[in-house]
Amino acid sequence: MGCAGSTQNTADNPKKLRKPKPWKHSQALTRAQLKCMRDEFWDTEPHYGGQKEIWDALRAAAEATDLALAQAIVDSAGIIISSADMTTCYDERGAKYELPKYVLSEPTI
């Protein structure tokens, strides 16, 4: 039951994840180079702020093999998705988490 002027909580209608669009790199990347870029991001980005638990959940969601699993991880961690491709997210305290496309999807050839 709510007040007459209340609106529905946005947590009841979270943004659904969608597969990120492929992206282009200035040079052709090998699988090893892409893995190195991703590992470097995940090793250094948490030092710029935010909670380690949120970063861990974002990594698990980014590396999930299907969208349903990624959505479950994001929902259970209380992550607020600003852009459906997960490039911009927030935690419940309002801290911003920006993810580069190279950790979310594969490059085009």
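**A charged pair and its surroundings**

Modeller: Let's start with E98, which forms a salt bridge with K96, their closest N and O atoms being 3.9 Å apart (a salt bridge is a side-chain nitrogen of Lys or Arg within 4 Å of a carboxyl oxygen of Asp or Glu). Before going on: this is a predicted model, where local features need pLDDT of at least 70 and side-chain atom pairs count only at pLDDT 80 or more, while totals for chains, interfaces and linings use all residues. Residues are numbered from 1 along each chain as its sequence is written, and side-chain values use heavy atoms, with hydrogens and water left out.

E98 is partly exposed, at 46% relative accessible area, and K96 also counts as partly exposed, at 46% (buried means under 20%, exposed over 50%, partly exposed in between, with a 1.4 Å probe and protein chains only).

Strand 3 covers residues 96-98 (helices are DSSP runs of H or I with at least four residues, strands are runs of E with at least two, both numbered from the N terminus). The sheet is open, with 3 antiparallel strands in the order 1-2-3; two strands pair if DSSP finds at least two bridges between them. Strand 1 (80-81) and strand 3 are at the edges with a single partner each, so one side of each has no neighbour in the sheet. Strand 2, residues 88-90, is joined to strand 3 by 3 bridges, and there T88 stands opposite our E98.

Step one residue back from T88 and you reach T87, in the loop between strand 1 and strand 2. T87 is buried, at 18% relative accessible area. Not counting residues up to four places away in sequence, T87 touches Y97, E98, L99, K101 and L104 (contact means heavy atoms within 4.5 Å). The side chain of T87 also makes a polar contact with that of S83, at 2.8 Å (a pair of N or O atoms within 3.5 Å; within protein, one must be able to donate a hydrogen and the other to accept it, and residues adjacent in sequence count only if both atoms are side-chain atoms). S83 lies in the loop between strand 1 and strand 2 and counts as buried, at 18%. S83 is also 66 residues from L17 in sequence, with 8.2 Å between their C-alphas.

What happens to the charge of D91? D91 is buried but has no salt bridge, and the nearest side chain of opposite charge, R93, is 6.0 Å away. The D91 side chain instead makes a polar contact with the side chain of Q51, at 3.1 Å, and one of its polar atoms lies 2.9 Å from the backbone nitrogen of G94. Leaving aside neighbours within four places in sequence, the contacts of D91 include I54, I80 and Y97.

Back to the loop between strand 1 and strand 2, which also holds M86. M86 is buried, at 5%, and its phi is near 70°, a positive value in a residue other than glycine. Most residues other than glycine have a negative phi. M86 is among the residues that touch the most other members of the largest nonpolar core, which has 21 residues (a set of buried Ala, Val, Leu, Ile, Met, Phe, Trp, Tyr and Cys residues joined through side-chain atoms within 4.5 Å). Helix 2 gives the most to this core, with 6 residues.

A62 sits in helix 2 and is buried, at 16%. A62 and M86 are 24 residues apart in sequence and 8.1 Å apart, C-alpha to C-alpha. Beyond its neighbours in sequence, within four places, A62 contacts W42, M86, V103 and L104.

Lastly, another charged pair to set beside the one we began with: R59 and D39 meet in a salt bridge at 3.5 Å, N to O. This pair links distant parts of the chain, with R59 in helix 2 and D39 in helix 1, 20 residues apart. R59 is partly exposed, at 27%, and D39 is partly exposed as well, at 25%. The structure holds 7 salt bridges.

Key: Lys and Arg count as positive and Asp and Glu as negative; His and the chain ends are not counted.
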